[in-house]
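Subject: Structure for you to look at

Hi,

Here is the structure I promised to pass on. Have a look at it first, and then read my notes below.

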Amino acid sequence: MQKIEAVIQPSKLDAVKDALVEIGVEGMTILEARGHGRQKGHTEFYRGREYSVDLLPKVKLELVVKDEMVEQAVHAIITAARTGKIGDGKIFVSKIDEAIRIRNDERGEIAL
Amino acid sequence: MQGNESKGGGLREVYQRKMLEIRGAFEAGALGVATIAARSAAVDELVRGFWAQGVERDSRLGVGITLVAVGGYGRGQLFPYSDVDLLFLLDTKVVEKDVKDAIRRISQEMWDGGMRVSPATRRLAECEKFDGDNAEFTMSLMDHRYLAGDTAMYEKLAGQTVPKLLQKEHKAILGRLVELTGARHAKYGDTLFHLEPNIKDCPGGLRDVHVCGWLTKLEKIAAAAQKRAFIEIAEDAKEFVQAVEFLSLVRCFLHYRNERDDNTLAWQVQDAAAEAEVGLVGRRPKKVDAAYWMRIYFRHARSVERRVTQGIEQVRPAPKVSKLAGLVRSGGTKVRGRLVDATQEGFKVEQGRVVLEDSADGDDPANDPDVVLRVFATMARTGCSLGREAEERVSEALPLLSAHLEEGPALWHHLKGILTGEYAGRALRTMHALGLLELLIPEFHGIDALVIRDAYHRYTVDEHTFVLIDTLHGLETPQSGGMAEWAQRFGGVLRELPHPELLYLLALLHDTGKGRETGNHALESVRMAKSVLGRLELDSYESGLVLGSIEQHLEMSAALRRDIFDAETVRAFAGKVPTPEALKMLTLFTYADINAVHPDALTPWKAENLWRLYIATANYLDRSVDDERVGARAESELVHRVSALLPGQKAEVVKYLEGFPERYVRTRTPEQIRQHFKMTTQFAADPVQLEFRYAPGVSELTLVTPDRAVLFATMAGALAAWGMNIVTADAFSNRQGVVVDTFRFMDSFKTLEMNASEHGAFVASVHDVMTGNVSLEKLLSGRRRARRKAPKVLVETRVDFDDAASSHSTLVEVIAQDVSGLLRALSLTLAAQGCNIEVALVDTEGETAIDVFYVRRDGAKLDKEEQRVLKQALLEAMDENAR
């Protein structure tokens with residue numbers, strides 16, 4: 001089992017969710033986030049006041065999938081989230097030791 | 001022993017058979033109240049049987065011990081899997097340890113029969129005491145019923161002990177009951193709107209029904225003790241009785257389905273209840289779905305919640321004086337510094353509750369729509385509540401109110417007073433519960449208790465509307481917590497709104513279309529709102545603003561799901577909000593709309609994104625004014641509407657409008673544009689045409705004249721000479737060179753307010769200045785300037801240029817401390833530098849002046865050097881003016 005963490009543009013969330021559901025991934029956690037990489041923020045002026053955006057709004061998805069699903073899921077995220085511009089985001093993949101369903105104590109892949 | 005066991009087994013078998021019969025009867029259509037009474041009777045028989053057996057086994061049980069049913073069982077109301085509350089009452093002579101086993105055996109027999117028993121053992125003397133930490137025991141004791149054993153001791157309990165206890169401790173018991181109810185309601189978020197409500201413990205549930213009964217009992221005793229009248233709500237009030245029956249039926253359904261004491265209406269249960277049409281009477285749709293069924297549930301729960309709230313209000317101490325401060329303005333009197341009754345015609349407020357005056361000559365104030373609506377405006381303004389009697393009288397008067405209700409500006413005036421009050425949500429909920437809101441706005445009926453069945457929407461559509469209005473009013477006061485910063489920013493936007501009442505009207509009507517199943521509720525809501533606004537007789541600008549906002553009310557949320565830093569997203573969204581006022585309304589509405597979906601829906605993350613989109617769009621609107629102009633062959637709806645007011649002059653109207661920025665036509669009503677057009681037809685007689693509209697707060701003066709140099713500066717100077725503080729202004733010109741300059745200003749010396757006769761002199765003076773008959777410099781030197789107060793907030797001066805905002809002008813934006821003479825100083829400087837003002841947008845936010853000019857010099861944009869020189873000149877002029 002592996003955990004996929006994807007930081008994407010908020011405007012791409014619906015497309016990424018749909019793409020994942022289409023390949024059979026339905027369980028995921030979505031978090032509101034802020035951040036930046038090479039994409040810098042900018043400054044907006046309004047009524048004489050400066051409003052700088054250093055940390056841009058992002059969305060982070062977290063999902064745990066079976067090993068054989070990882071590449072498919074990563075590909076689905078990339079295809080749906082990519083615009084080609086700086087700020088598209090990043091994906092991180094890490095190994096998961098165990099998964100447990102709280103309701104009935106199921107463990108392992110069956111708990112996914 | 002074996003004989004006893006088989007007797008016990010026999011009793012249990014009889015009981016189980018009876019349970020099956022009761023269940024059969026329920027499934028065949030028996031009422032909930034009948035089902036729980038039947039189970040109670042069956043348990044009586046069983047318990048008495050076990051008691052008799054117990055006495056046979058141990059004769060000590062038969063002396064000095066009484067078996068009493070308490071709690072729900074005492075009321076004769078036992079749901080299929082509810083606990084059975086028993087009280088073993090012991091005489092002082094009985095040694096408890098001698099009878100302990102016998103008592104335990106009876107409970108055990110019942111457990112063996114599949115029942116959950118809650119036994120308590122007490123002496124009579126113990127029942128006389130009230131323990132605040134175990135108030136539940138006293139509450140259960142209030143519903144006592146003889147089952148078996150020592151009758152004399154029971155009579156003592158019923159005739160002396162309990163009455164004495166209640167007499168002595170009614171205050172403490174009432175207080176504790178109110179506290180416990182409040183804590184229970186708070187545990188459920190103080191709302192009855194849950195996706196999967198617990199029908200026993202949630203607000204509006206069966207526990208609240210019991211609370212109503214206890215409150216009545218205790219309040220009656222309290223009234224007798226204090227020698228005051230006790231007004232009892234008829235226990236057989238139809239709506240309440242129907243609600244109790246419905247909830248009882250549903251709880252029986254839940255118990256039988258789950259086969260345990262589980263009172264949660266989970267989603268699957270809702271589906272099953274809808275399919276079985278549980279509790280539905282009368283007309284219903286062909287196919288009853290869960291959303292429809294839950295709507296019925298919420299209506300009943302609301303009726304119970306209303307009753308328990310009334311009951312608690314009746315016994316609770318009066319609210320603090322600060323909440324009633326608003327009443328001082330409406331005629332309250334202060335006695336020794338404390339606000340006492342506030343009286344208005346037809347009603348007064350006593351101890352935070354509205355009390356209607358008695359009927360006089362057969363005229364009940366409750367029948368007078370004017371009185372009733374002023375009651376609710378008072379509630380909205382001060383947070384006071386409606387007294388029980390007043391509520392009943394208003395409820396009964398609805399048919400008469402309907403007959404006498406006057407529509408039009410009078411109704412709008414009342415509605416405005418209610419909507420803009422700080423406690424509007426409270427007043428509106430009460431009006432809705434009484435049916436009064438639907439009387440005024442029948443379109444609201446479609447969303448009464450309407451359920452949106454998904455995991456995200458917490459509230460029914462009507463409650464969502466009220467929560468939205470509460471959220472907007474919440475922006476008026478400082479908040480704490482994670483949202484404090486955003487509440488402050490959006491609160492600032494709310495304070496800038498010229499017509500906040502329109503925002504609240506938008507909030508009230510925006511989802512009325514959800515009652516129609518057409519798929520596009522925004523358009524349906526527009527249709528509903530049109531008929532409402534027609535009845536209120538709002539003018540076309542106000543109607544246009546509200547209807548446009550309703551139509552677009554989902555657009556900002558939709559834009560937030562796109563890339564808000566993409567110029568195209570901002571441009572597309574800006575196309576949907578024609579004016580800065582519309583943008584502010586939609587922004588505030590969206591903030592509150594998100595918050596009203598679910599308590600956790602509005603996060604600082606979402607608020608920040610909303611803010612970003614708002615300022616980007618506001619800047620876009622200001623920067624696109626110059627380029628977006630009315631064309632020569634304009635066929636817009638506005639052109640048609642103006643032309644309709646001037647029959648036979650369409651060509652002249654189109655010619656007049658050609659070249660004006662779109663902003664001009666979008667921010668004026670057709671009637672105003674007609675007036676300006678008519679003013680141009682008078683140029684031959686007098687080229688300087690002025691229109692003055694006085695208002696106690698902000699007055700307005702519009703100049704329509706052929707363009708010439710220093711026009712704007714001269715007008716600004718003429719106003720400054722009279723001590724007028726310009727709040728906002730705009731200046732537009734058309735292709736023919738006609739300018740329309742509008743100034744909105746406050747009268748620093750209150751000259752116009754205190755001297756109506758000076759209005760004519762004021763306009764004449766400005767006219768003389770504009771025609772050159774009077775020297776402005778002379779006028780300025782002869783008049784005193786408004787005394788300058790030390791600023792509370794220091795504003796840093798900025799002058800910025802934007803070459804890209806317009807294709808043919810340079811945008812100059814000046815942010816500075818708002819002081820008198822500023823606008824004149826700026827416009828004179830622009831003129832001195834050879835700049836022609838194409839468009840001016842002047843605004844004030846607190847102590848900040850925000851002035852935007854689109855300028856050209858010799859028919860072209862300003863180059864960098866010209867910008868540098870102009871900036872220097874403007875800064876010097878502002879410095880000079882400030883001194």
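Which residue of strand 16 of chain B stands opposite A729(B)? It is V842(B).

Before the rest, some housekeeping. This is a predicted model, where local features need pLDDT of at least 70 and side-chain atom pairs count only at pLDDT 80 or more, while totals for chains, interfaces and linings use all residues. Residues are numbered from 1 along each chain as its sequence is written, and chains are lettered from A and ligands numbered from 1 in the order in which they are written.

Strand 12 (residues 724-733) and strand 16 of chain B run antiparallel and are joined by three bridges. (Strands are DSSP runs of E with at least two residues, helices are runs of H or I with at least four, and both are numbered from the N terminus; two strands pair if DSSP finds at least two bridges between them.) They belong to an open, antiparallel sheet of eight strands in chain B, in the order 10-11-13-12-16-17-15-14. Strand 10 (689-693) and strand 14 of chain B are at the edges with a single partner strand each, so one side of each has no neighbour in the sheet. From one strand to the next, the twist averages 20° (axes are lines fitted to C-alpha atoms, for helices over the stretch in contact, and angles run from 0 to 180 degrees between N-to-C directions).

Next, helix 36 of chain B. It covers residues 864-882 and reaches 27 Å from first C-alpha to last, close to the 27 Å expected at 1.5 Å a residue (the expected span is 1.5 Å times one less than the number of residues). Its buried residues are L870(B), L874(B), A877(B) and M878(B). Here buried means 20 or more other C-beta atoms within 10 Å of a residue's own, exposed means 12 or fewer, and partly exposed is in between, with C-beta atoms placed from the backbone. Seen down the axis of helix 36 of chain B, the buried residues fall within an arc of 95°, so they line one face (the arc is that of the directions from the helix axis to the C-beta atoms). The face turned away from them carries exposed residues, including K864(B), R868(B) and E876(B). The buried residues of helix 36 pack against strand 14 (798-802), strand 15 (810-817), helix 35 (822-832) and strand 16 (835-845) of chain B; contact means C-beta atoms, placed from the backbone, within 7 Å.

There is another sheet in chain B: four strands, open, mixed, in the order 3-2-1-4. Strand 2 (residues 84-90) and strand 3 of chain B pair in the parallel sense over seven bridges, and L87(B) stands opposite A120(B) in strand 3. Helix 2 (residues 32-57) of chain B lies across strand 1 (65-69), strand 2 and strand 4, at about 25° to strand 4. Helix 7 (residues 151-187) of chain B lies across those strands too, at about 50° to strand 1.

As for cores, the largest nonpolar one has 169 residues, with F376(B) and L472(B) among those with the most contacts inside it. (A nonpolar core is a set of buried Ala, Val, Leu, Ile, Met, Phe, Trp, Tyr and Cys residues joined through C-beta atoms within 7 Å.) A second, separate core of 74 residues includes A720(B) and M878(B).

Lastly, chain A: strand 3 (residues 42-46) and strand 4 (residues 49-53) pair in the antiparallel sense over five bridges.

Cheers

Terms used
Contact = placed C-beta atoms within 7 Å.
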